[in-house]
Amino acid sequence: MGKGIFFKDKQFQVRAKEYIQYFLPLAALLLFFFAPITMAPINLYENTDSFSSAANILAFKIPFDSHLNLAFGFARLLLWLIYFLPCTVIFSVTAFILEKKRACDFRKLNYAFTLSSLSIYLFCGAVSLVANANCFAWFLHLPSYIYLTFFFAFFAHLYYSFHGIFYLRKTNSEYVEFLKMREDDAEKAPDLQASTLFTKEGFSALQTHVKHRVRRLSIKTKFTFVITGLIIVILLAFMLLILNSYKKMFTEAVSDVGRAQAEQTAAVYDSAEGKYDKIATFFEEQRVTNEYAETPFERIDIIIYGKSEPVVYIENWEPATELPDFSVFAYTTGKPKEIDESEKTLTNEQAVDYLKRYKSGAYKKEYVFNKANKTCKYIYPITLARKAGRKLIGFSIVTYRQQVLMRQYFRTKIFIFTIITIFLYLAVVFSILLADFIFNPLLFLRKNVRKTSRSIEKLLSGTAKNANTAVKFSDTIKTNDEIKDLSLEIGEMVGLIKGIMPYVSFSTLQHAEKAGDESGKKSTTSRELCFLFTDIRGFTSLCEGLPPKKVVELLNHYLDIETQIILDNEGDIDKFVGDEMMAFFAGPRKEINACKAAMQIRAAMREQQQLSMESGLTYVSIGIGINTGNVTFGPVGSRTRKDFTSIGDTVNLAARLESANKAYGSKSIISDAVYQKLRGMFICRELDFITVKGKTEPVRIYEILQQKSQATKNNADGKLNEIKNLFEKGLEFYRKQKWADSEECFSECALKYNDLPSVVFLDRINHFKTNPPPKDWDGVFKMSVK
């Protein structure tokens, strides 16, 4: 008996759940049909703070709404579809009764009717929104229950849309099997425990867990995110572009009208010579015409000054000119008692600003916005023609309410926002459907390959011995495309494996994988890198008489300083050759980082020189060469010994530039390719135009003097800039073979700053004075040493 009661209770629960799932959407559709969906436009000519809620529009009355003012009949015709909602309710009730009588299954058709009804309701709401929303205050005065019903309908539509997608997936047995495979992969991920999370083992487990989570993001999910994101970016960019262009065009259009009205008012005052009758008649005409205007102004005012004020002619006006007090509110199309006293006069600052806008022509393109009253004003100076010029009398002011002036732009913005929102929503839904259509066969192929690989794993592990029965591949792809072809080829490959496996021992199969690629071709790449070469000068003489251990310690000391600086500036060490070092930098700031490292290395070496001098020891200096470009990066060497390094002309030139410091007495030389990437962050001087040994193409080289920020900090920028300017001026004369001028610049630089490169060029000038260069000499210096 107890079991029977439990069975009845269970049946009741199932039946109650069925009734709720079936009739709840029908009740919602009736609610949407009889509930208000929007409200009529509000009066834009009232004060924003005194807006009253307009009459609510019931959903079933939308086709008859006189406030819609739809210019196209097709949209109004579509609004009659709102009566599809009660039809859906009637159909659903009828289908439910027929289903109970076992007549037929209407679930799919009922789902389609319900989703269509929700789409129609949202469409009607969007049309009402576009037709009635005429300012931002409209949204603030919209009743909350309208928001609730609309968002409820939206989320219901969202639920039904994704419910349909999930239903299609669940009815696909291949997809269900794929989900089970993915769940099995997730179970293999290690569990995380909070108590061990901050231990070494816990952190390792966290990394593994994250990797498994990333792997669970299928290509379909990534495609959906990418496509949806791309559509969102395109639509938003399109929306911003359209709105920005339209706003600019619309603002210019309305500004032309407002400016013309202000100019016309000023012209009438001028022609009437300030006579009341003519001006009053004009204002009355404007007042009557404004009642029929598409974009009516709030009022037109004329503000002038008193008789005892100083005379100002607008042609001679300057910002410092004394202006009269514009305090006479002469004419207006509005009601003077309702106008705020602050708007009946003009301050001196306002008058100056209006005249500046008039002089610059800005009044033609934009209005003056009053934040307090939310009004837009077009101002034009009123003048009277006199022999001495145009006498400034006052200003004509045409005032618009911002919400009236920008009404059409606001409507356009709402329309575009609505269209973009609809397209974004559809983009999300259809990108999911598209991803299923494109990538489900690929995921199913992965599932089939996974099943085959697991069977091979069992065979290799020894748990299965018969390859003919253990290794299987099921071709379940039903599409007729490249994925189907790939599935067939994989099936053929598995067939070949099944044919070969009986003839190969398990031991051979288990150790068949190679440790690496002996040729190194797979790991060889082409990369854009910046190279820095250093060479310690005087190290050989410093090490004379020192024991080998001390020599190594001393060398390691200097190289350690350089290495740390390289690493701190995001570089890496390629190799050491005696007291020389080769480093490289990667990334978008590689040249800047390399030059920063070079300056820091020089600074560190200066400190070491100071310490050596204080200790009475021989000190060393350093030469640096930097170049950037494309290189071949990979393993180089024999089968038994390889070195992972970079090779190419870029590397060779960097090494030659380092050696070139000896010829010029410089410290840090960079190529022109590096110089072009420094973005003016360093003080550099052009050093020469040379061809290095082994090359015929000349390169322009520069010497880094200092980083600009550091030079400014040390108050050395003036000195360095003078060295740069003197040297480059002398270099310019040198290339033009103006030996005397060039010698003067280099001599001053050498004597004043003890500049060694200047001394080098002085020696060259002395040589050329006695042995002039050929007529076709291009100023290129050919280096004969490495």
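Among contacts in the protein with a separation of 6 or more, 69% join residues 24 or more positions apart, a contact being heavy atoms within 4.5 Å. The model is predicted: local features need pLDDT of at least 70, side-chain atom pairs count only at pLDDT 80 or more, and totals for chains, interfaces and linings use all residues. Residues are numbered from 1 along each chain as its sequence is written, and side-chain values use heavy atoms, with hydrogens and water left out.

**Overall composition**

- The secondary structure comprises 25 helices and 16 strands; these are DSSP runs numbered from the N terminus, with helices being H or I of at least four residues and strands being E of at least two.
- Of the 786 residues, 41% count as buried; buried means under 20% relative accessible area, exposed over 50%, and partly exposed in between, with a 1.4 Å probe and protein chains only.
- The accessible surface is about 45,100 Å², and 59% of that area belongs to carbon and sulfur atoms. Accessible areas come from the Shrake-Rupley method with a 1.4 Å probe, and for residues only the protein chains shown count as cover.

**Nonpolar cores**

- The largest nonpolar core has 52 residues, and those with the most contacts inside it are Y269, I302, L323, F326, Y378 and F395. Such a core is a set of buried Ala, Val, Leu, Ile, Met, Phe, Trp, Tyr and Cys residues joined through side-chain atoms within 4.5 Å.
- At least two residues of this core come from each of helix 9 (219-272), helix 10 (276-290), strand 3 (299-304), helix 11 (348-360), strand 6 (375-386), strand 7 (389-401) and helix 13 (407-461). Helix 9 contributes the most, with 10 residues.
- Leaving out residues up to four places away in sequence, I302 touches T265, Y269, I279, F283, V328, F329, A330, Y331, I382 and F395.
- A second, separate core has 35 residues, including Y558, A594, I624 and V674.

**Salt bridges**

- The model contains 25 salt bridges, each defined as a side-chain nitrogen of Lys or Arg within 4 Å of a carboxyl oxygen of Asp or Glu.
- R169 pairs with D436, with the closest N and O atoms 3.0 Å apart. Because R169 lies in helix 6 and D436 in helix 13, the pair ties together parts that are 267 residues apart in sequence. R169 counts as buried at 17% relative accessibility, and D436 counts as buried at 11%.
- K447 forms a salt bridge with E174, the closest N and O atoms being 3.0 Å apart. This pair links distant parts of the chain, with K447 in helix 13 and E174 in helix 7 (residues 173-187), 273 residues apart. K447 is buried at 1% relative accessibility, and E174 is buried at 13%.
- R287 forms a salt bridge with E284, with the closest N and O atoms 2.3 Å apart. Both residues lie in helix 10, 3 residues apart, about one turn of the helix. R287 is partly exposed, at 29% relative accessible area, and E284 is partly exposed at 39%.
- A network of salt bridges links R299, D301, E343 and K377.

**The surroundings of T333**

- T333 is in the loop between strand 4 (328-332) and helix 11, and it counts as buried at 10% relative accessibility.
- A polar atom of the T333 side chain lies 2.8 Å from the backbone nitrogen of I300.
- Apart from neighbours within four places in sequence, T333 is in contact with F283, R287, F297, E298, R299 and I300.

**Nonpolar surface patch**

- Y167, L168, I422, L426, F430 and L433 form a nonpolar patch on the surface, with about 540 Å² of accessible area together. Patches are made of residues with over 30% relative accessible area and no salt bridge; like charges are joined within 9 Å, and nonpolar side chains (Val, Leu, Ile, Met, Phe, Trp, Tyr) within 5 Å.
- Helix 6 (144-170) and helix 13 are the elements that give two or more residues to the patch. Helix 13 supplies the largest share, 4 residues.
- L426 lies in helix 13 and is partly exposed, at 34% relative accessibility.

- K374, which is not a glycine, has a positive phi of about 55°. K374 is in the loop between strand 5 (368-370) and strand 6, and it counts as partly exposed at 45% relative accessibility.
- N754, also a residue other than glycine, has a positive phi near 55°. N754 is in the loop between helix 24 (739-753) and helix 25 (756-770), and it counts as exposed at 61% relative accessibility.

How values were computed: Polar contact = N/O pair within 3.5 Å; in protein donor to acceptor, adjacent residues only side chain to side chain.
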